[in-house]
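Hello,

Here is the structure I promised to pass on. My notes follow below it, and I hope they make a handy starting point.

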Amino acid sequence: MQITKRNVELRVDDSLMRVYVAAPTTAGTYPGIIFYSDIYQLGGAMIRLVNYLAGFGYVVAAPEIFHRTEAIAHVIEPDDLGRMRGNDNARRTPVAAYDADAQAVLEFLQADSSVTPGKIATLGFCIGGHLAFRTAFARDIKAAVCCYPTGIPSGKLGQGVADTIHRVGEITGEVLLILGTLDPHIPENDRQILIQALENAQVRHQVCLYAAEHTFMRDDGYRYDAAATTSAWAEIITFLGRIFT
């Protein structure tokens, strides 16, 4: 399916938040997806994933998660210095600010005439996986796809300690977890805490485990695993297709 691409601006807490939007070219209405990048923001690797997802028939809206601390359209390089910069941006962003951004993008999609009413999900990678999980606290979110989400058991997300693990019961949609068993940022103990929290809260969920490292779905990194990525995307597309049928 061919897609269109555009940038829109949203104002959140008097900060301009650029949102990259990819959507099917064919006229009609489609489910909406709030898409969260990793700490490197919307570089080529993430934009390719947004476009890929949109091609399956979704209106995908990807905000710049560090718009309060970085210039518009700034891409952080995925190297050692970039990792330091991205993590510093994360530490300087209040958790409440992330939540406000999520609400702003949700309202944007709800108001978009190309989005099917009542059909919105969220998807994210790394810190974005954590943000997607939190966004699922909103009752209007039908599903959340969280790819190797970091910091949920520990509360590591932004300034202070995030209460994410204590609010799992607020999720009313379904959750798909994509995890790497070789990922040191989400070790076995954290994976089990997260899965047990979903089970205890009786949140419908699915877990896909791969013998892969952190950020294995990022095609410009040395930890990229094409086979695991292809399998994970097949699970994601099937999952979202079931949710929105």
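**Aromatic rings and cysteines**

Tyrosine 148 counts as buried at 2% relative accessibility; buried means under 20% relative accessible area, exposed over 50% and partly exposed in between, using a 1.4 Å probe and protein chains only. Do bear in mind that this is a predicted model, where local features need pLDDT of at least 70, side-chain atom pairs count only at pLDDT 80 or more, and totals for chains, interfaces and linings use all residues. Residues are numbered from 1 along each chain as its sequence is written, and side-chain values use heavy atoms, with hydrogens and water left out.

The structure holds 8 aromatic pairs (rings of Phe, Tyr and Trp, the last by its six-membered ring, with centres within 6.5 Å; planes under 30 degrees apart are stacked, over 60 edge-to-face, the rest tilted). One of them joins tyrosine 52 and phenylalanine 56 edge-to-face, at 5.1 Å centre to centre and 65 degrees between the planes. Phenylalanine 125 and tyrosine 148 form a tilted pair, with 6.1 Å between centres and 55 degrees between planes. Phenylalanine 125 is buried too, with a relative accessible area of 1%.

For cysteine 147, the nearest cysteine sulfur is that of cysteine 146, 7.7 Å away.

Best wishes

Key
Disulfide = S-S within 2.5 Å.
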